Amino acid sequence: MPKVISASQMKKLDATVINRYGLPALILMENAGRSASEEALKMFPKNGRAAVFCGYGNNGGDGFVVVRHLLNKGIKVQVYLVGKNRELSQESKLNYQILCKMKQKIRLIKEANAFARLKKEIKRYDLIIDAIFGIGLKGRLNEFYQGLFNTINMSKIPVLALDVPSGLDADTGKPLGNAIIAKKTITFGLMKKGLVKKIANKYAGKIVVGDISLPLTVNIP
């Protein structure tokens, strides 16, 4: 397999692993979230607090898995589900429901008028985990997300981004109007093309590749 791939190649690879090899999407999500939680634990104090921002796509599902693993390590976590309501994928919904059964509070942020409160709340955390958008994001971000990313970036709190910093084009490395500025990015499976671009350096920080247990024999279609 190539060491650096495009977003479309990664999607094809995921589909091949799921459909041809029979490795469930739920397991891939679990592996991604577990790998990310291990990186998160390296980034803040033993008794630290984490704020996890999740979107409604599978990147958010990865974030829900991270939250569960952090909770199981005794970490205090606040979860923010951001954006307008939409249906979660089957895998993301399952992990969301697990958190609800664990009595984890999940705060919804749908409108820009929530940013003033968020700006005050965010100061209490030692680490922010960005699980808002994954590699499939295209097109310029709307004002809501640009404002949200400004609020997070202005906090100066270290950020761990999942797969790519939200708002960054996974192929070009360019921000789509605005993007999360991460201290570290854990990208899943294989390195994404955009992350090796010079323009992405400001946003991605240190980059590590997270193991999601892709079969060694799989080829990109």
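Trainee: Why is N31 called buried?

Mentor: In this predicted model, N31 has a relative accessible area of 13%. N31 sits in helix α2 and, leaving aside neighbours within four places in sequence, is in contact with D211, I212 and S213.

Trainee: What makes E38 and R34 a salt bridge?

Mentor: Their side chains meet at 3.5 Å, N to O, and the cut-off is a Lys or Arg nitrogen within 4 Å of an Asp or Glu carboxyl oxygen. Both residues lie in helix α2, four residues apart, about one turn of the helix.

Trainee: What about E39, which residue does it bridge to?

Mentor: K184, with the closest N and O atoms 2.9 Å apart, and that is within the 4 Å limit. E39 lies in helix α2 and K184 in strand β7, so the pair ties together parts that are 145 residues apart in sequence. E39 is buried at 12%, and K184 is buried at 10%.

Trainee: Which residues make up the network that includes this pair?

Mentor: E39, K42 and K184, joined by salt bridges that share partners. A search of the whole structure finds ten salt bridges.

Trainee: What makes K138 and D169 another one of them?

Mentor: Their side chains meet at 3.2 Å, N to O, again within 4 Å. K138 is in the loop between β5 and α6, and D169 is in the loop between β6 and β7, 31 residues away. K138 has a relative accessible area of 48% and is partly exposed, while D169, at 8%, counts as buried.

Trainee: Back to K184's strand: why is β7 called largely enclosed?

Mentor: Five of the five residues of β7 are buried, so the rest of the structure largely encloses the strand. K184, I186 and F188 point one way, T185 and T187 the other. In a regular strand the side chains alternate between the two faces of the sheet.

Trainee: How do you know that β7 pairs with β6?

Mentor: Pairing needs at least two bridges, and β6 and β7 have three, in the parallel sense. Within β7, T185 is the bridge partner of A161, and I186 is the bridge partner of L162. β7 also pairs with β9 in the parallel sense, over five bridges, with I186 standing opposite V208 in β9.

Trainee: Why is M43 called buried?

Mentor: M43 has a relative accessible area of 16%, under the 20% cut-off. M43 is in the loop between α2 and β2. Leaving aside neighbours within four places in sequence, its contacts are L127, V159, L160, K183 and K184.

Trainee: Which residues have the most contacts inside the largest nonpolar core?

Mentor: L70, I129 and L162, in a core of 49 residues. Beyond neighbours within four places in sequence, the contacts of L162 include A36, V66, I129 and I186. A second, separate core has 26 residues, among them L148 and I157.

How values were computed
Residues are numbered from 1 along each chain as its sequence is written. This is a predicted model: local features need pLDDT of at least 70, side-chain atom pairs count only at pLDDT 80 or more; totals for chains, interfaces and linings use all residues. Side-chain values use heavy atoms; hydrogens and water are left out. Helices (H or I, at least four residues) and strands (E, at least two) are DSSP runs, numbered from the N terminus. A nonpolar core is a set of buried Ala, Val, Leu, Ile, Met, Phe, Trp, Tyr and Cys residues joined through side-chain atoms within 4.5 Å. Buried means under 20% relative accessible area, exposed over 50%, partly exposed in between (1.4 Å probe, protein chains only). Contact means heavy atoms within 4.5 Å.
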